[in-house]
Amino acid sequence: LAYKTSIAFTLRNVPGSFFKALSVFAVLDLDLTKVESRHISTLPVRVTPSEDGDGPWGYIFFIDFAGSMGSQPVENTIRTLRQVTPFFRLLGSYPRSNNHC
């Protein structure tokens with residue numbers, strides 16, 4: 001039975017941060033099945049831009065990828081992303097649907 005895992009995270013607004021986050025999946029041979037982003041306001045947390053380039057707006061990324069929590073590549077990916085992202089949330093790991101509508 002094939003599984004997929006869903007996560008959400010934010011990144012610092014610095015050159016290459018999205019590339020670096022996605023490279024974790026490539027290095028560990030994990031297939032991305034969905035990548036989405038949503039514009040978010042960070043105003044309750046930060047009113048003025050910080051020195052690292054973050055302003056009052058940012059993005060949250062939602063990613064689905066092939067693999068289950070029991071596999072070492074998935075566990076390594078999650079551990080790495082938790083270390084390099086300001087916000088990380090594991091949304092779940094569940095059987096993949098055979099229906100690709």
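Let's start with helix α2 (residues 72-84): at 1.5 Å a residue, its 13 residues should span 18 Å, and its end C-alpha atoms lie 19 Å apart, which agrees. The expected span here is 1.5 Å times one less than the number of residues in the helix. This is a predicted model, in which local features need pLDDT of at least 70, side-chain atom pairs count only at pLDDT 80 or more, and totals for chains, interfaces and linings use all residues. Residues are numbered from 1 along each chain as its sequence is written, and side-chain values use heavy atoms, with hydrogens and water left out.

**Overall layout**
- The chain has two helices and four strands, where helices (H or I, at least four residues) and strands (E, at least two) are DSSP runs numbered from the N terminus.
- Along the sequence, these elements follow the pattern β-α-β-β-α-β.
- Of the 101 residues in the chain, 30% are buried, meaning under 20% relative accessible area, while exposed means over 50% and partly exposed lies in between (1.4 Å probe, protein chains only).
- Among contacts (heavy atoms within 4.5 Å) between residues at least 6 apart in sequence, 73% join residues at least 24 apart.
- The accessible surface of the chain comes to about 6600 Å², and carbon and sulfur atoms account for 56% of that surface; accessible areas come from the Shrake-Rupley method with a 1.4 Å probe, and for residues only the protein chains shown count as cover.

**Helix α2**
- The buried residues in α2 are Val74, Thr77, Ile78 and Leu81.
- They cover an arc of only 95 degrees around the axis, which puts them on the same side of α2; the arc is that of the directions from the helix axis to the C-beta atoms.
- An α-helix has 3.6 residues a turn, so residues three or four places apart point the same way.
- Packed against the buried residues of α2 are β1 (3-10), α1 (17-27), β3 (57-66) and β4 (87-95).

**Helix α1**
- In α1, Ser17, Ala21, Val24 and Phe25 are buried.
- Seen down the axis of α1, these buried residues fall within an arc of 95 degrees, so they line one face of the helix.
- The face turned away from that buried side carries exposed Phe19, Lys20, Ala26 and Val27.
- Cover for the buried residues of α1 includes β1, β2 (32-41), β3 and α2.
- After α1 comes Asp29, with a positive phi near 55 degrees.

**Arg89 in strand β4**
- Strand β4 contains Arg89, which is partly exposed at a relative accessible area of 45%.
- Arg89 and Ile7 are 82 residues apart in sequence, yet 5.7 Å apart in space, C-alpha to C-alpha.
- Not counting residues up to four places away in sequence, Arg89 touches Ile7 and Ala8.
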